Amino acid sequence: MRLTSRVRASELQGRAWLNTGEKELDLAALRGKVVVLDFWSFCCINCLHVLEELRPLEERFADVLVTVGVHSPKFEHEADPEALAAAVDRYEIHHPVLDDPELTTWEAYTARAWPTLVVVDPEGYIVAHLSGEGHVQGLVSLVEELVAEHEAKGTLHRGDGPYVPRPEPEGDLRFPGKVLPLPDGSFLVSDTGHHRLVQLGSDLRTVRRVIGAGKGWADGDAGTARFTEPQGLTLLPEDVRAAVGYDVVVADSVNHRLRGVDLATGTVTTVAGSGVQRLLDEERARGADPNSVPEGADPRTVALSSPWDVVWSTRADRLVVAMAGTHQLFSFDPRSGRLGVLAGTGDEGLKDGTAAEAWFAQSSGLAEDHRGNVWVADSETSALRVLRFDDDGAVTVGTAVGEGLFDFGFRDGEAGQARMQHCLGVAQLPDGSVAVADTYNGAVRHYDPRTGQVTTLARGLAEPSDVLLDVSGREPLLVVVESNAHRLVRVPVPATAQRVDEGASRTQRPRTRLAPGGLTVDVRFSAPTGQKLDDRWGDPTQLKISSSPADALAEGAGTARGLRRELVLDGGTTEGVLHITARAAACDGEPGGEIPDHAACHLYQQDWGIPFVLDADGEAELVLDLRGVN
């Protein structure tokens with residue numbers, strides 16, 4: 001529904017512009033175009049999904065639409081202008097980007113979640129607020145409407161936009177992601193930015209072989225196969241390799257697939273994943289269990305979501321997959337093809353317990369220790385988690401280091417007080433301790449389960465994304481993937497680790513001031529043109545609400561239908577975080593009419609983590625946009 005109220009878009013303010021040839025932009029320079037403001041942070045997997053969703057839209061409407069990425073950082077490191085420039089290069093962003101480190105433009109547009117999309121019409125008025133992923137089909141119809149309307153009014157200006165490409169970095173590697181040691185002493189690297197695999201010699205520099213022909217998806221030999229931003233790699237046990245006919249499994253992140261590689265021939269095959277992104281709870285909207293895979297299903301027909309790392313679990317006798325896009329861990333048995341959810345509900349956050357009730361947040365690194373535990377670098381909570389397999393088959397999840405979605409820092413010492421910042425890689429050391437690629441602190445950290453202490457092994461690295469122990473020489477060394485330096489380096493293991501304390505931090509995002517007592521949560525949703533709410537089985541909308549700490553909510557927690565909820569905030573808890581998940585299901589069809597047979601259906605979903613502080617003068621209503629259209 002298009003409302004009659006017209007709200008003028010706020011000016012775009014920040015520190016600097018990228019992808020504009022150093023030219024500053026303002027809304028006046030964009031007048032005459034349909035503008036999509038994409039509020040993002042480069043740590044956020046959902047934001048990376050939206051970047052991919054917007055690419056075909058930008059190509060289709062290249063002469064009338066301008067996307068402006070408004071980078072509003074979550075972590076301290078993301079406010080570094082060099083780190084942002086590297087991220088713009090890494091993710092091949094081909095539109096202007098505003099660096100908004102103080103969240104000035106974020107606050108002006110009342111953004112509350114990463115990602116948020118705001119659509120501005122050619123006359124400079126806001127016409128839509130959209131939160132989360134999956135809005136591209138609705139955007140197509142909205143842009144078509146705006147183009148037709150403003151072309152008729154004479155307020156649409158066709159022609160090139162303000163994007164100016166940045167120079168391409170050179171070198172054999174481009175933003176490498178993960179590394180795998182091979183039995184012959186060489187190393188297989190996911191050359192993520194070049195969308196391929198590279199086998200390096202023991203010197204970490206000599207290129208012995210390239211597998212993959214660049215961006216895309218294709219199976220075939222080393223010269224014709226294609227990947228898109230490959231990440232984690234693992235070597236299968238010898239008996240499994242003999243049974244399945246390939247040696248290495250690769251997490252092909254943007255293709256949402258697992259790929260198998262035969263090292264003898266370089267042949268690449270798809271072993272799991274349909275290539276369609278798994279939208280958590282889409283199955284629920286159709287009445288199926290969202291946390292299961294149909295028994296006997298061909299794994300190549302199952303939707304995955306940004307697999308980021310893989311490791312073989314000897315205790316589980318199968319692969320463990322860090323499914324970053326749904327905040328879960330999957331399992332995959334290459335011999336039987338059996339694929340399923342191993343741990344995690346899909347809720348984003350930090351919660352321990354049984355595998356079925358645990359929460360993760362964009363898990364991005366995996367390693368098995370000598371006891372069969374699987375250690376997890378849980379990036380968005382800056383946490384080191386552990387998966388334990390009991391003899392009776394039960395799987396439990398614990399946390400060694402980390403506090404929650406908005407807590408990070410650079411602090412060594414007792415694990416309960418230690419802090420990391422968006423860690424991406426993890427490795428076991430011979431004594432049973434763990435090394436962590438603490439990516440946004442530019443460090444390799446060390447956790448010793450025997451003492452419960454965290455120390456620092458190395459620092460001053462450029463976004464290390466993976467780490468492993470190399471014992472091939474006289475002294476053990478760490479091999480570190482220094483992603484933003486486009487290289488692998490060896491780092492000595494110090495005899496005495498450093499102890500660093502640069503403090504603990506919280507995301508700089510301001511807390512929402514809420515009045516104690518009653519609070520109304522109201523989520524706006526308007527189905528795109530050509531769609532209607534799928535009410536064939538009742539109300540197709542749903543809110544799931546909880547809080548950290550749990551006692552911050554006296555009433556209103558839980559899952560129920562509808563996009564409006566009355567809560568009661570406990571005045572005994574002065575601050576916390578509201579965790580809100582909104583869902584709405586819509587299908588192709590006209591409002592008031594019937595949904596046609598075999599109509600395409602769509603699930604719209606967004607998770608919000610809203611830091612709040614109780615204030616007697618605070619708001620008694622919290623309005624959020626899942627898909628609000630003016």
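Author: Here is a walk through the core, then its helices, then the aromatic pairs.

This is a predicted model, so local features need pLDDT of at least 70 and side-chain atom pairs count only at pLDDT 80 or more, while totals for chains, interfaces and linings use all residues. Residues are numbered from 1 along each chain as its sequence is written, and side-chain values use heavy atoms, with hydrogens and water left out.

Start with the core. A nonpolar core is a set of buried Ala, Val, Leu, Ile, Met, Phe, Trp, Tyr and Cys residues joined through side-chain atoms within 4.5 Å. Buried means under 20% relative accessible area, exposed over 50%, and partly exposed in between, with a 1.4 Å probe and protein chains only. The largest such core has 43 residues. Those with the most contacts inside it are Leu-12, Leu-37, Phe-39, Trp-40, Phe-42, Val-68 and Tyr-109. Elements giving two or more residues to this core include strand E3 (34-40), helix H2 (45-60), strand E4 (65-71), helix H3 (81-90) and strand E6 (116-120). Helices (H or I, at least four residues) and strands (E, at least two) are DSSP runs, numbered from the N terminus. H3 gives the most to this core, with five residues.

Leu-12 shows the packing. Leaving aside residues up to four places away in sequence, Leu-12 touches Trp-17, Leu-27, Leu-30, Leu-37, Val-68, Leu-98, Thr-105 and Tyr-109. Contact here means heavy atoms within 4.5 Å. A second, separate core has 27 residues, among them Val-521, Ala-586, Phe-612 and Leu-622.

Now H2. It has 16 residues and reaches 24 Å from its first C-alpha to its last. That is close to the expected 22 Å at 1.5 Å a residue, where the expected span is 1.5 Å times one less than the number of residues. H2 has a kink of about 30 degrees at Leu-54, shortly before Pro-56. The bend is the angle between axes fitted to the seven residues ending at a residue and the seven starting there. Twelve of the 16 residues of H2 are buried, including Ile-45, Leu-48, Leu-51 and Leu-57. The buried residues of H2 pack against E3, E4, E6, helix H5 (136-153) and strand E16 (307-313).

Gly-154 follows H5, with a positive phi near 80 degrees.

Last, the rings. Rings of Phe, Tyr and Trp (its six-membered ring) pair if their centres lie within 6.5 Å; planes under 30 degrees apart count as stacked, over 60 as edge-to-face and the rest as tilted. The count comes to eight aromatic pairs. Phe-75 and Tyr-440 are edge-to-face, at 5.7 Å centre to centre and 80 degrees between the planes. Phe-75 lies in the loop between E4 and H3, and Tyr-440 in the loop between strand E28 (434-438) and strand E29 (443-448), so the pair ties together parts 365 residues apart in sequence. Trp-106 and Trp-114 are both buried. Ring pairs link Phe-39, Trp-106, Tyr-109 and Trp-114 into a cluster.
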